[in-house]
Amino acid sequence: MRHFPIFLNLAGRNVVVSGAGECALAKLRLILKTEANVTVYGTDPHAKLRELATDGKLTLIERPIAEGDAIDAALLYGANEDAVEDARAAEIGRRAGALINIVDNLQDSQFITPAIVDRDPVTVAIGTEGAAPVLARDIKRRVEEMLPANLGTLARIGQAFRPVADALPMGSIRRAFWSAFYFDRGPRALSQGQAAVREELDELLNETLNGQAAIGHVALIGAGPGDPELLTMKARRLLHEADVVVTDRLVGPGILELARREAEIVEVGKTGFGPSWKQEDINALIVAKAAEGHKVARLKGGDVAIFARLDEEIEALDAHGLSWEIVPGITTASAAAASLGQSLTKRGRNKSFRIVTGHDVDGFAEQDWRDLAREGATAAIYMGRKASTFLRGRLMMYGAPEDTPITAIENVSRQNQRVLPSTLIDLPDMLSREGVNGPVILMLGLTPRAAEAAIPTLQSPQFQKVEA
């Protein structure tokens with residue numbers, strides 16, 4: 001490690017910037033977040049620098065830096081975009097005892113400015129020793145996704161409350177108190193305003209002092225179609241905070257790796273026409289874990305509100321007076337359309353889009369077949385693999401042409417995804433021929449955009465315009 005990471009207190013101290021152009025302005029965006037006294041030296045200053053000076057954010061002196069200008073400065077930045085002038089400014093700074101940074105010159109700099117994630121007073125600094133700035137920026141983006149935007153507000157409220165919380169004994173009890181505040185009770189209360197957060201802190205402190213049991217909470221999370229990068233930021237945060245993760249079979253393994261190492265993971269997979277957890281047993285499990293005071297992440301593939309029996313789990317939690325929240329996810333239908341390069345609705349083709357299931361608790365599911373068979377109809381058919389012969393028969397019975405396009409997408413959005421274009425007449429045989437046995441969605445009326453362009457015959461006559 002060449003550079004030792006520290007956080008330098010700049011409150012009331014002097015920071016000097018030599019240079020008044022775009023380069024200096026870029027550095028100042030970070031420096032001005034501190035409580036330092038900032039002085040900028042340079043000719044022909046950027047208009048934004050004049051504005052900042054007028055607003056009292058910094059002192060602007062319109063001349064090159066000179067000997068004596070860096071006396072008492074903690075830091076000096078050379079941002080002239082001129083090697084000779086930056087070297088001269090650096091020598092002035094060194095003689096004055098300031099630490100020197102020359103922009104884009106790691107070799108002659110005494111310190112570097114890291115990439116920063118700002119959730120004041122929480123600050124995360126990221127550096128790569130100047131070796132890979134693009135990597136630092138990517139890490140910054142990932143950290144920003146992990147840390148909620150309101151984290152700084154919670155930290156400031158918690159900081160003010162610390163003297164009161166000192167009534168708690170040191171060790172695990174105090175750690176549990178702050179964990180409950182920052183990762184559960186505080187974020188939920190903040191949606192009602194800062195006053196509600198302070199009330200929640202008082203209530204949590206009283207509960208902890210009186211030895212009351214922790215209050216559990218269940219997050220019902222749509223985990224998306226499988227690609228971990230399609231998980232929402234909120235889902236990712238709640239998954240990481242969970243004590244217990246209750247997951248369906250269709251949740252991608254990469255998503256489960258985002259859970260804490262200490263978290264208990266319970267798989268409650270369901271397999272169509274095969275051995276499965278009963279829904280009432282899943283309900284009982286999440287109720288029991290929440291009642292024990294755990295934070296539970298209930299993961300469901302796709303969107304939690306589409307064919308996921310969400311209401312039954314909510315009703316079970318309500319019956320026991322347990323708190324819950326819904327976190328929407330990207331539904332498999334949207335991800336499947338993206339893999340085809342198609343939109344779900346298109347002017348001149350379809351004014352509506354339907355999401356249906358191939359089977360339900362009573363067996364193969366009946367639908368409004370006349371509507372699904374009409375010209376231009378599009379639909380996403382979930383759980384349709386074993387119902388493919390039934391679907392073909394019903395659609396053709398109500399007038400759908402044999403060559404109606406229908407595409408099967410297996411393992412949507414995952415590395416082993418397969419896109420299998422077909423026609424209605426050939427659908428069951430194609431699924432058998434291709435050995436499709438993973439989770440699959442059928443996209444009625446849609447073909448891959450590339451195939452549509454390359455092989456016009458794949459397009460159904462019902463989608464072709466007839467010139468008068």
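Me: Are Phe177 and Trp178 buried or exposed?

Reply: A residue is called buried under 20% relative accessible area, exposed over 50%, and partly exposed in between, using a 1.4 Å probe and protein chains only. Phe177 and Trp178 are both buried. Please note that this is a predicted model, in which local features need pLDDT of at least 70 and side-chain atom pairs count only at pLDDT 80 or more, while totals for chains, interfaces and linings use all residues. Residues are numbered from 1 along each chain as its sequence is written, and side-chain values use heavy atoms, with hydrogens and water left out.

Me: How many aromatic pairs does a search of the whole structure find?

Reply: Rings of Phe, Tyr and Trp (for Trp, the six-membered ring) pair if their centres lie within 6.5 Å; planes under 30 degrees apart are stacked, over 60 edge-to-face, and the rest tilted. The search of the whole structure gives nine such pairs. In one of them, the ring centres of Phe177 and Trp178 are 4.9 Å apart and the planes stand at 75 degrees, so this pair is edge-to-face. Phe177 and Trp178 also belong to one aromatic cluster with Phe161, Phe181 and Tyr182.

Me: Which residues of helix 5 and helix 7 meet?

Reply: Two packed helices are described by the angle between their axes and the distance between the axes. Helices (H or I, at least four residues) and strands (E, at least two) are DSSP runs numbered from the N terminus. Axes are lines fitted to C-alpha atoms, for helices over the stretch in contact, with angles from 0 to 180 degrees between N-to-C directions. Here the axes of helix 5 (residues 151-165) and helix 7 (residues 194-209) come within 11 Å and cross at roughly 35 degrees. From helix 5, Thr153, Leu154, Ile157, Phe161, Val164 and Ala165 meet Gln194, Val197, Arg198, Leu201, Asp202 and Leu205 of helix 7, where contact means heavy atoms within 4.5 Å.

Me: Why are helix 10 and helix 11 described as oblique to each other?

Reply: Angles under 35 degrees count as roughly parallel, over 145 as roughly antiparallel, 65 to 115 as roughly perpendicular, and the rest as oblique. The axes of helix 10 (residues 279-291) and helix 11 (residues 310-319) cross at roughly 45 degrees and come within 9 Å. These two helices are therefore oblique to each other. Gln279, Ile282, Asn283, Ile286 and Val287 of helix 10 make the contact with Glu312, Glu313, Ala316 and Leu317 of helix 11.

Me: Where is Ala89 found, and which residues is Ala89 in contact with, leaving aside neighbours within four places in sequence?

Reply: Ala89 is found in helix 3 (residues 83-96). Its relative accessible area is 0%, so Ala89 is buried. With neighbours within four places in sequence left aside, Ala89 is in contact with Ser18, Ile65, Leu76 and Asn80.

Me: What joins Asp120 and Pro121?

Reply: Asp120 and Pro121 are joined by a cis peptide bond, with omega about 10 degrees. Pro121 is placed in the loop between strand 6 (115-119) and strand 7 (122-126).

Me: Where is Asp72 placed, and is Asp72 buried or exposed?

Reply: The loop between strand 3 (59-61) and strand 4 (73-78) holds Asp72. Although not a glycine, Asp72 has a positive phi of about 70 degrees. Its relative accessibility is 63%, so Asp72 counts as exposed.
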